[in-house]
Number of protein chains: 2
Amino acid sequence: MIEGSAIVYTGGLLDRDDAKTAHGLIRAGRRFRVLGLIDERHAGRSVSEFLPDQPDGLPIRADVDALLADLDETPRYCVLGVAFAGGRLPDVHRAPLRAVLERGIDLVSGLHEPLGDDPELRHAAAEHGARIFDIRQPPSTSTLSFWSGAIYKVSTPKIAVLGIDCAIGKRTTAQIVTEACRADGIATEMIYTGQTGWLQGSRYGFILDATPNDFVSGELERAIVECHRESAPDLIVIEGQSSLHNPSGPCGPEFLLSGNVKGVILQHVPGREFFEGFEEVGCRLPDIDDEIALIRHYGAEVLAITINDSAQSTTSSVDDNERLAARLGLPVLNPLVDDPAPLLAAVRSFMIGAVAVNT
Amino acid sequence: MIEGSAIVYTGGLLDRDDAKTAHGLIRAGRRFRVLGLIDERHAGRSVSEFLPDQPDGLPIRADVDALLADLDETPRYCVLGVAFAGGRLPDVHRAPLRAVLERGIDLVSGLHEPLGDDPELRHAAAEHGARIFDIRQPPSTSTLSFWSGAIYKVSTPKIAVLGIDCAIGKRTTAQIVTEACRADGIATEMIYTGQTGWLQGSRYGFILDATPNDFVSGELERAIVECHRESAPDLIVIEGQSSLHNPSGPCGPEFLLSGNVKGVILQHVPGREFFEGFEEVGCRLPDIDDEIALIRHYGAEVLAITINDSAQSTTSSVDDNERLAARLGLPVLNPLVDDPAPLLAAVRSFMIGAVAVNT
């Protein structure tokens with residue numbers, strides 16, 4: 001079992017969406033107790049400068065030795081907190097990670113490229129008694145489930161958090177919604193579908209993008225059925241992946257059809273024109289109306305729009321959100337800062353309808 | 001390189017859709033020269049009883065020894081020609097496959113379960129100098145491509161053959177369309193996306209369902225881009241997988257968005273009420289109008305409906321197809337028996353439009 005104290009490596013990218021794994025580990029996590037961060041560009045700064053909803057206290061240092069000098073205990077793990085484009089390790093990050101292994105600290109990586117196969121890193125690990133854990137390798141098919149239709153016996157209402165693009169905060173929104181529902185007296189469980197959910201130690205879920213395609217539907221069904229059976233929650237919230245229209249990996253029908261999900265919270269990034277990373281090939285984001293219509297075509301309803309305001313100016317965003325809410329007839333809110341009451345009302349209304357259908 | 005003479009094992013299922021790999025190897029294939037079939041239930045019968053479009057001549061025998069006695073040469077391979085539910089080998093088929101290996105014949109399997117890991121089969125292979133090739137194992141991620149947007153530079157018109165359910169003849173239709181186009185003077189290349197395409201020795205493609213989800217879009221793009229660059233055809237025909245609405249593994253947006261496909265031939269099975277294998281859980285097939293509308297929502301047009309008539313009575317099917325054609329305003333035909341002219345006209349009309357868009 002991989003769990004315990006950890007430092008997180010963000011390689012100069014702590015301020016970027018690429019560091020979403022690190023952000024998730026700082027914000028929430030049962031698997032690792034985070035002691036500090038290695039980030040050569042942002043050394044000495046405060047976590048709250050990057051994550052305004054988070055308290056300060058975690059040291060950010062330029063390298064492993066500077067960080068260890070400021071800690072009272074030696075961390076057991078160093079978690080790679082950045083999702084590099086292409087899932088492979090750029091060369092510039094090899095030396096800092098080797099230095100971590102040379103201090104006898106185990107390395108945990110969610111890259112597609114297995115770092116345990118890298119001769120330099122493997123050698124450093126072997127010499128210094130450290131281990132490398134590659135948690136995103138495709139699992140053996142003998143351990144995976146096919147879809148069976150057992151999902152139709154799950155009476156628990158299910159909501160998926162889908163997004164109009166990758167890396168805009170679906171997981172964070174799913175976690176905030178889960179916590180807000182719990183605080184409001186709704187027993188809620190979350191299904192993770194990404195490596196960060198695994199790294200955070202979530203109980204139910206699987207790593208969708210590393211799963212052989214034929215097993216994605218079955219693994220999703222298994223996670224939901226297990227959650228329903230073991231925890232019998234009032235509500236299940238499912239972390240979405242990618243986006244329905246993203247040509248680099250369209251995803252969504254799995255949740256709506258295979259997961260039999262009828263309610264969607266749609267994460268939106270107003271003002272963004274192109275899919276992230278595909279500006280140069282001219283891949284435009286769909287209109288939000290089109291995205292909502294497509295979700296409806298798959299038999300589900302959008303319950304609320306949650307906003308990532310990174311592409312908006314602060315002054316315009318409040319007005320914009322209100323206009324969008326009026327036009328769509330849906331709650332529109334930034335889950336990091338806004339009162340969750342309208343979202344909770346939409347969730348409760350959906351749950352009443354879902355229970356009525358099931359009885 | 002796996003290629004040469006082969007026998008095909010169908011385990012009593014030659015008359016069933018489950019034997020679609022065998023049907024594909026009999027109908028078309030560059031990789032293997034098929035010498036005969038092992039099928040204990042259908043021994044002594046003729047291939048044309050099962051595949052009316054095929055000539056007779058291939059012996060069908062009850063076991064490997066009976067088949068070898070009727071052949072002039074010893075086959076190099078035995079290909080497992082059945083897709084068992086769940087991708088695993090039912091116990092009843094272990095002894096016949098062991099007998100094949102005991103004759104020194106290599107076994108080629110497209111099951112998800114690696115037969116090379118089966119102690120009994122591995123032992124038989126080692127004892128008798130035979131090998132086991134598991135061709136559907138997930139490839140190493142280091143050899144796989146991410147989607148890049150390079151697809152937008154492919155000017156060749158592209159048509160995907162999608163289907164309203166699994167295992168209703170998408171691959172066969174794609175091959176018939178490819179051949180009909182070639183016979184009509186259109187230089188056409190086909191992209192395979194299933195294990196049978198690989199087994200048939202097709203040049204461009206990948207095995208979609210064994211690919212880790214994150215690489216499906218990139219591998220599809222790579223196959224299309226390679227085909228466009230190396231063969232510069234007039235038309236690319238892409239074999240679809242599963243179906244848009246099938247909850248056991250929805251598939252389709254990958255072709256339409258990641259493959260930038262704007263034309264679809266939709267394989268339909270009139271009269272079928274439920275998704276195959278999910279009758280008991282009550283998974284209804286969508287209306288064909290709904291399927292067409294969903295394809296349109298992804299930015300593509302259905303050019304023609306191709307019919308698998310296995311759920312129709314022969315007397316009703318011709319009238320039914322004419323009614324459907326009139327209602328949809330599209331060619332509707334059974335590609336195995338009908339004149340391809342209306343389909344070819346629709347393809348040519350699409351190609352003219354596609355070229356106009358690209359110039």
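This is a predicted model: local features need pLDDT of at least 70, side-chain atom pairs count only at pLDDT 80 or more; totals for chains, interfaces and linings use all residues.

Student: How many aromatic pairs are there over all chains?

Tutor: Residues are numbered from 1 along each chain as its sequence is written, chains are lettered from A and ligands numbered from 1 in the order in which they are written, and side-chain values use heavy atoms, without hydrogens and water. Rings of Phe, Tyr and Trp (its six-membered ring) pair if their centres lie within 6.5 Å; planes under 30 degrees apart count as stacked, over 60 as edge-to-face and the rest as tilted. By this rule, the number of aromatic pairs over all chains is 10.

Student: What is the angle between the planes of B:Phe146 and B:Phe215?

Tutor: A pair of aromatic rings is described by the distance of the centres and the angle of the planes. B:Phe146 and B:Phe215 are 4.5 Å apart, centre to centre. Their pair is tilted, with an angle between the planes of 40 degrees.

Student: Is B:Phe215 buried or exposed?

Tutor: Buried means under 20% relative accessible area, exposed over 50%, and partly exposed in between (1.4 Å probe, protein chains only). B:Phe146 has 26% relative accessibility and so counts as partly exposed. B:Phe215, at 0%, is buried.

Student: Which residues form one aromatic cluster in chain A?

Tutor: Chain A has an average pLDDT of 94. One aromatic cluster is formed by A:Phe32, A:Tyr77 and A:Phe133.

Methods
pLDDT is the predictor's confidence in each residue, from 0 to 100.
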